[in-house]
Amino acid sequence: MGAIAVSKKEEQQIETLRKELKIPTKSGLIRVALKALEKAAAEERLRLEIQESVRRCAAADKEENRQLFPAGVARRAAGA
C-alpha cells in the first residue's frame with residue numbers, strides 16, 4: 001500500500017502517540033489502531049445484537065403475558 005496523505009497536525013499526533021506507546025514504526029501504530037477499531041466495532045455489533053435479542057424476548061414475554069392474563073383473571077373470579 002502507498003502513502004496516506006495526512007495533515008501536519010495529524011502527522012504530529014501520529015508521532016506523539018507512537019512515541020508515547022513505544023511503537024517503533026508508524027505502520028505498527030496503524031496496525032494497533034486498526035485492531036482497536038475492529039474490536040470496538042465488533043463489540044458494538046454484539047451490543048446491538050444483544051439489544052435486539054432482548055427486544056424480541058421482551059415482545060414475546062409481553063405477548064405471552066397478554067394471552068395468560070385473561071385466564072388468570074377468570075381463575076380468580078371463580079375463587080381459585
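# Reading salt bridges and a pocket

Q: Which residue meets the side chain of Arg18 in a salt bridge, and how far is it from N to O?
A: The side chain of Arg18 meets that of Glu15, at 2.9 Å from N to O, where a salt bridge is read as a side-chain nitrogen of Lys or Arg within 4 Å of a carboxyl oxygen of Asp or Glu. This is a predicted model, in which local features need pLDDT of at least 70 and side-chain atom pairs count only at pLDDT 80 or more, whereas totals for chains, interfaces and linings use all residues. Residues are numbered from 1 along each chain as its sequence is written, and side-chain values use heavy atoms, with hydrogens and water left out.

Q: Where do Arg18 and Glu15 lie, and is Arg18 buried or exposed?
A: Both Arg18 and Glu15 lie in helix α1, three residues apart, which is about one turn of the helix; helices (H or I, at least four residues) and strands (E, at least two) are DSSP runs numbered from the N terminus. Arg18 is buried with a relative accessible area of 15%, and Glu15 is also in the buried class at 17%, the cut-offs being under 20% for buried, over 50% for exposed and partly exposed in between (1.4 Å probe, protein chains only).

Q: How many helices and strands does the protein chain have, and what percentage of its residues count as buried?
A: The protein chain comes to two helices and zero strands. Of its 80 residues, 8% count as buried.

Q: How many salt bridges does the structure hold, and which residue pairs with Glu11?
A: The structure holds seven salt bridges. Glu11 forms one with Lys26, and the closest N and O atoms are 2.3 Å apart. Because Glu11 lies in helix α1 and Lys26 in helix α2, this pair ties together parts that are 15 residues apart in sequence. Glu11 is partly exposed, with a relative accessible area of 27%, and Lys26 falls into the partly exposed class at 38%.

Q: Which residue forms a salt bridge with Glu44, and how many residues apart are the two in helix α2?
A: Glu44 forms a salt bridge with Arg47, with the closest N and O atoms 2.6 Å apart. The two are three residues apart in helix α2, so about one helical turn separates Glu44 from Arg47. Glu44 is partly exposed at 35% relative accessibility, and Arg47 is partly exposed with a relative accessible area of 41%. Elsewhere, salt bridges that share partners join Glu11, Glu15, Arg18 and Lys26 into one network.

Q: What is shown by rolling a probe over the atoms, and which residues line the largest pocket here?
A: Rolling a probe the size of a water molecule over the atoms shows where empty space is left. On a 1 Å grid over the protein atoms alone, a pocket is an open set of points where a 1.4 Å probe fits, with protein on both sides within 12 Å along at least five of seven lines, and lining residues have an atom within 4 Å of a point. In this model the largest pocket is lined by Ala3, Ile4, Val6, Glu11, Ile14, Lys26, Ser27 and Ile30. The elements giving two or more residues to that lining are α1 and α2, and the largest share, three residues, comes from α2.

Q: Where is Lys22 found, and is its phi positive or negative?
A: Lys22 is found in the loop between α1 (8–20) and α2 (26–77). Its phi is near 55°, a positive value in a residue other than glycine. At 72% relative accessibility, Lys22 counts as exposed.
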